[in-house]
Amino acid sequence: MNDHPSSSHPSYDETGRLAALHALALLDSEPEKEFDALVALAAELLGCPIALLALIDQKRLWIKASTVPGARELDRDVAFCDRTIRQDRPLIVDDLTQDTRFDSFPLVTDAGMRFYAGTAIHVADGAGVRQPIGTLCVLDTSPRSLNAAGHAALQHLASLAEALIAARRTAIEAIRIATTGEELVRRLARKERIFRQAERIAMIGSWRMSVADSALEWSENVFRIHGLPVGAVPPLDNALDFYPPHARMMVADTIRRTLETGEPFEFDTDLITADGHRRRVRAAAEVEACDGIVQALVGVFQDITGQHELETRLRHSADTDALTGIPNRAAFDRELDHAMRRARVDGSPLMLALIDLDGFKDINDALGHGVGDDVLRLTGAALTEPWLRDCFTARIGGDEFAVVITDPAMIADPDRLRDRLEAALHIPVESGGITMTSAGSVGLALFDADCHSLRDFARRADVVLYAAKRARVGQAQRANVRKAA
C-alpha cells in the first residue's frame, strides 16, 4: 500500500513539537541498550533488515537507535520520517522507486532502499498535548507490503518506544529499562518471551476485544495491572467494574465511539485493583478491520501510577512559591484567566485585590533578610486564613501578593473587604529586642466588560493600589509634621 497524504495533519504544531523534543535531552545522547533492543525487536518482528528509532530536529533527522552501523543523521528534507510525523497514521510505501515523493531521495537512488514503514512516536508537551517527536520505522532493499499483524506490531512497538522515553525521565525507570534492554539483547531469539519482559518492565500490556461478542483477550501484564492472577479474562462488564463509578461511563462511551467512528482513542484514568489499590492507568486502542469491516479493538494498557504521581508533584512544585507555600505568579495568571473566562460566560461576579507590603524594605534593612522572609511567610498565612478559603491567593512578586475573589458577599462590600485585608496585613516581627510592624496597601478592582485581558484587569487594580500607597505615605508625612510641630 502506498499512502499519499496531501498535507500535514491539521493539529501539527512544529513549534510545540520541537519544544517537546528538546525537553527530553535525547538528541545527540549516547547509545542506550534499551532503545537498541527495541529496534532489534522491530526488525525481527517485521522481518526487515533495517529498523530505526529516529528523532526529527529542526533541520535534521538524528538516529537514536539503529540495527545497522553508519551515519547517525541526515538532512530532514530528504528523510521519509519527516512526512511520517506530519500525518495521523503510519506511512507505508511498498516501493519507494514508484513514489514520486521519494524516488529521488538519496536513500533510494544511492542506498537502494525500496520499502519503508514508519509510525510517529509521541510525547506530551508541557501543556499535555501529544507531539510527534520522531518515528519508529523499518526499511528494506526489496519492495514488499505489510500485513495486518505487521501494522499491529508496528503500533505496539511505537507505544513501547513512547513508554521507554517516558520512563527514561526518572533515574529509577532508566535503570529498570536499561536492565530490560540488556535482557532483550541476550534473548532476541525468543521473541515472545522478550516482548512479555518488555511489557512487564514498562508496566504495559496488550489487549484485544472482539466486536462480535465483546470477548476480551489480555496479555499477562494486563492481569498484573488489575491485580489478578493470569487466567480467565473477565467479561467486559466485569472489567469495567475495576474503574471508579465516575470513569465507567467515560470508558464505555469511548469504546463505543471508536467502534462507531473507527478513530483511535487514548485516555488516562484511575483504576481500582482486585486488592483495593488505586492506580493510574493509560489505555489506547485502534480498530482491527478486515475488508473494511471492524473485527476488534486492539490496544495497550499501561500502569502510569509512578509517572502520574511524579508529574503531579512537579506541577504542584512549579505552581507553588517556595518561600510562602502559596501559589506563585504562573498559577495566579492561570487562575485569573480562568476566572475571567468564567465571568464572561455566566456573568458571575469577580474582583481582584493587589497587595503591596509597606515598610518591607525598612524591616529587611533593620532586622535582616531572615526576618523579612518571616514577614512574607506570615503574610501568605494571613491571606489564606479560613475567612478567605473561597479565594485564590498568590505571591506574584517580591513583596507583592494578589487575591482572586469570587464570593458575592465580599464583592458587594469592598470597603469592609479592604479593611479586613489591611488588618490581616498588620504583622509584628521582632529581632534583637527591636519590634517592627509590617503593613500593606490594597488595590481592589471589579471585573467588567472593559477588562479585555488579564493585563487590563491587573492594571486597573494596580492603579487603585498605588493611589492607596500614595495616600498612606501622605498620611504618614502629615503625622510626622504634626509630631514635629
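## Salt bridges

Search the whole structure and you get 32 salt bridges. Keep in mind that this is a predicted model. As background, side chains of opposite charge can pair when their charged atoms come close. A few of these bridges are worth a look one by one.

Start with D95 and R114, whose side chains meet in a salt bridge at 2.9 Å, N to O. This one links distant parts of the chain: D95 sits in the loop between β4 and α4, R114 in the loop between α4 and β5 (115–124), and the two are 19 residues apart. How accessible is D95? Its relative accessibility is 14%, and since the cut-off for buried is under 20%, D95 counts as buried. R114 is partly exposed, with a relative accessible area of 26%.

D270 bridges to R278, and here the closest N and O atoms are 3.1 Å apart. D270 counts as buried too, at 17% relative accessibility.

R329 and D333 form a salt bridge with their closest N and O atoms 3.1 Å apart.

## Aromatic pairs

Now for the rings. Across the whole structure, the search turns up eight aromatic pairs. One of them is F80 with F102, an edge-to-face pair with 5.3 Å centre to centre and 85° between the planes. F80 belongs to helix α3 (residues 80–84) and F102 to the loop between β4 (91–93) and α4 (106–109), so this pair ties together parts that are 22 residues apart in sequence. Both F80 and F102 are buried.

Compare the geometry of F265 and F267: their ring centres are 5.5 Å apart and their planes meet at 20°, so this pair is stacked. F265 is buried, with a relative accessible area of 9%, and F267 is buried as well, at 10%.

## Charges over rings

Arginines also turn up over aromatic faces. R144 lies over the face of F115, at 5.1 Å from the ring centre. Over at W387, the charged end of R420 sits above the ring, 4.0 Å from its centre.

## Two helices in contact

Helix α13 (residues 360–367) and helix α14 (residues 369–382) have axes that come within 7 Å and cross at roughly 145°. On the α13 side, the residues in contact are F360, I363, N364 and L367, and they meet H369, V371, G372, V375 and L376 of α14. What classes of residue make up this contact? By class, there are six nonpolar residues, three polar ones and no charged ones.

## A buried glycine in a strand

G299 is found in strand β11 (residues 293–303). Is G299 buried or exposed? Buried: its relative accessibility is 5%. Leaving out residues up to four places away in sequence, G299 touches H156, G205, S206, W207, A284 and A285. The C-alpha atoms of G299 and E288 are separated by 9.7 Å, with the two residues 11 apart along the chain.

## The chain as a whole

Stepping back, the secondary structure of the protein chain comes to 17 helices and 16 strands. How much of the chain is buried? Of its 485 residues, 46% count as buried.

Then there is the question of how far apart in sequence the contacting residues are. Among contacts in the protein chain between residues at least 6 apart in sequence, 60% join residues at least 24 apart.

Methods. Residues numbered from 1 in each chain as written. Predicted model: local features only at pLDDT ≥ 70, side-chain atom pairs only at ≥ 80, totals over all residues. Heavy atoms only, no water. Axes fitted to C-alpha atoms, helices over the stretch in contact; angles between N-to-C directions. Helix = DSSP H or I, 4+ residues; strand = E, 2+ residues; numbered from the N terminus. Contact = heavy atoms within 4.5 Å. Nonpolar A, V, L, I, M, F, W, Y, C, P; charged D, E, K, R; others polar. Phe/Tyr/Trp six-rings, centres within 6.5 Å; stacked < 30°, edge-to-face > 60°. Buried < 20%, exposed > 50% of the residue type's maximum accessible area, 1.4 Å probe, protein only. Lys NZ or Arg CZ within 6 Å of the ring centre and 35° of its normal. Salt bridge = Lys/Arg side-chain N within 4 Å of Asp/Glu carboxyl O.
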